[in-house]
Amino acid sequence: MTYLDYQATTQLAPEALAAMLPWLESQHANPHSPHREGRRAKVAVEVARDQVVELLPPGGRVAFTSGATEALNWAIKGTTGPIVTLATEHAAVLDTVAAEAARGRQVTIPPVNPDGVVDLDQARAAIQPGTGLVAAMLVNNEIGVIQPIAALAEIAHAAGALVLCDAVQGYGRVSIPDTVDLIAISAHKIHGPKGIGALWIRDGVNPAPLMHGGGQEAPGRSGTLSPALCTGFGVAAQLMAGRKAQDAAHIDRLWSLALDRLGPDWTINGSTEHRYHGNLNVRRANLDVNRLMSDLRDIAFSAGSACASGSGRSSHVLRAIGLTEAQARSSIRLGFGRYTTETELRDAIDAIVAAAETQWP
């Protein structure tokens, strides 16, 4: 199996697994307990917290969550005032915003340009004084487009709004501006374990709790933390920091190789200039994607975001950048990274191209 679905999840780094195993096998204490073993578990959690925060701006604190979906829900529901977000955001943002709108909160969703990048003039028109929160994704999970978060933050702060950055796909890969106020991240997108994420909260910002209980995580997230998951997240973050240049160079080589092997019959969806190169979303006219995936069961790739699979809907992101229904349904997403070899990517692309060609005898 050739794995080309890095935006859905990444392989667990061996180093992260090794760090987690003692906490799964023999060290089972609750990190919120005051006895010696509890304090030992607490130390492991705090070491992981320090490792995770190294890739985040200064002047804030990290609260561990069950994942980025919880972090985004907390940031959105824990703030007040009108919300401005983008049409290409993840469902965890758009659906949460819709739930807030159903409760009477004002929501504005400006469009993006055909390249997937927000039009700053339209954003400026939408972000008016009184806006409470501006939510935008750093790197789009479906098309890899990088949004001008720093420019959005400048506009938002001029209007008195907080800025929530969904950095799930960009954390450790793309620089996060120091000017944002809330950042959602996830471990399993950076070769860490599933089931843990975090919300970074700027000092002085205090979102209302999403869940009530023991309040174990400042500023008020309740629930017992898993030292195993925290440790895996921390080591994965440490690896992202230490391997950043190496991983980036490898991904750039893979991007160039993939474009070369695909050839001129495939069109890239979204900006090629403002883009993370580990995400290649392409389309070919009249391509039957379901047939392609059936023909290539030994290659893991996506017809869209994993979170929308099985819904029967074409990608809202591809429709938001102006693609027709037919174009959106003729698109595939290839995600690659640290553990993808050039040989396996070349062979997979060649197999995809060959299988596509058989659809036009």
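Two strands pair if DSSP finds at least two bridges between them. Helices (H or I, at least four residues) and strands (E, at least two) are DSSP runs, numbered from the N terminus. The model shown is predicted, so local features need pLDDT of at least 70 and side-chain atom pairs count only at pLDDT 80 or more, while totals for chains, interfaces and linings use all residues. Residues are numbered from 1 along each chain as its sequence is written, and side-chain values use heavy atoms, with hydrogens and water left out.

View 1. Seven strands form an open sheet with mixed pairing, in the order β2-β8-β7-β6-β5-β3-β4. At the edges stand β2 (60-65) and β4 (107-108), each with a single partner strand, so one side of each has no neighbour in the sheet. β2 and β8 run antiparallel and are joined by six bridges. In this pair, T65 stands opposite G197 of β8.

**View 2. Strand β6 and its two neighbours.** Strand β6 (residues 162-166) is largely enclosed by the rest of the structure, because four of its five residues are buried; buried means under 20% relative accessible area, exposed over 50%, and partly exposed in between (1.4 Å probe, protein chains only). Strand β5 (residues 133-137) runs parallel to β6, and five bridges join them. A136 stands opposite C165 in β6. Strand β7 (residues 182-186) also runs parallel to β6, with three bridges between them. Here D166 stands opposite A184 in β7.

**View 3. A β-α-β unit.** β5, helix α6 (residues 149-158) and β6 make a right-handed β-α-β unit. Right-handed means that, with the strands pointing away from the viewer, the path from the first strand over the helix to the second runs clockwise.

View 4. The structure holds one cavity of 30 Å³ or more. On a 1 Å grid over the protein atoms alone, a cavity is a set of points where a 1.4 Å probe fits but cannot get out, and lining residues have an atom within 4 Å of a point. Grid points are joined across faces, edges and corners, and a volume is the space filled by probe spheres set on the points. The largest cavity contains about 60 Å³ of space. Its lining consists of Y6, Q7, T10, Q169, R173, K189 and Y276. These residues divide into two nonpolar, three polar and two charged; Ala, Val, Leu, Ile, Met, Phe, Trp, Tyr, Cys and Pro count as nonpolar, Asp, Glu, Lys and Arg as charged, and the others, Gly among them, as polar.

View 5. A cis peptide bond, with omega of about 5°, joins A218 and P219. P219 is in the loop between β8 (197-202) and α7 (227-242). H191, in the loop between β7 and β8, is a residue other than glycine with a positive phi, near 70°. H191 counts as buried because its relative accessibility is 2%. N286 is not a glycine either, and its phi is positive at about 65°. N286 is in the loop between β10 (279-283) and α9 (289-295), and at 66% relative accessibility N286 counts as exposed.

**View 6. Q51 and its contacts.** Q51 belongs to helix α2 (residues 36-53). With 16% relative accessibility, Q51 counts as buried. Not counting residues up to four places away in sequence, Q51 touches Y171, G234, V235, A237 and Q238, where contact means heavy atoms within 4.5 Å.

Methods
On a 1 Å grid over the protein atoms alone, a cavity is a set of points where a 1.4 Å probe fits but cannot get out, and a pocket is an open set with protein on both sides within 12 Å along at least five of seven lines; lining residues have an atom within 4 Å of a point.
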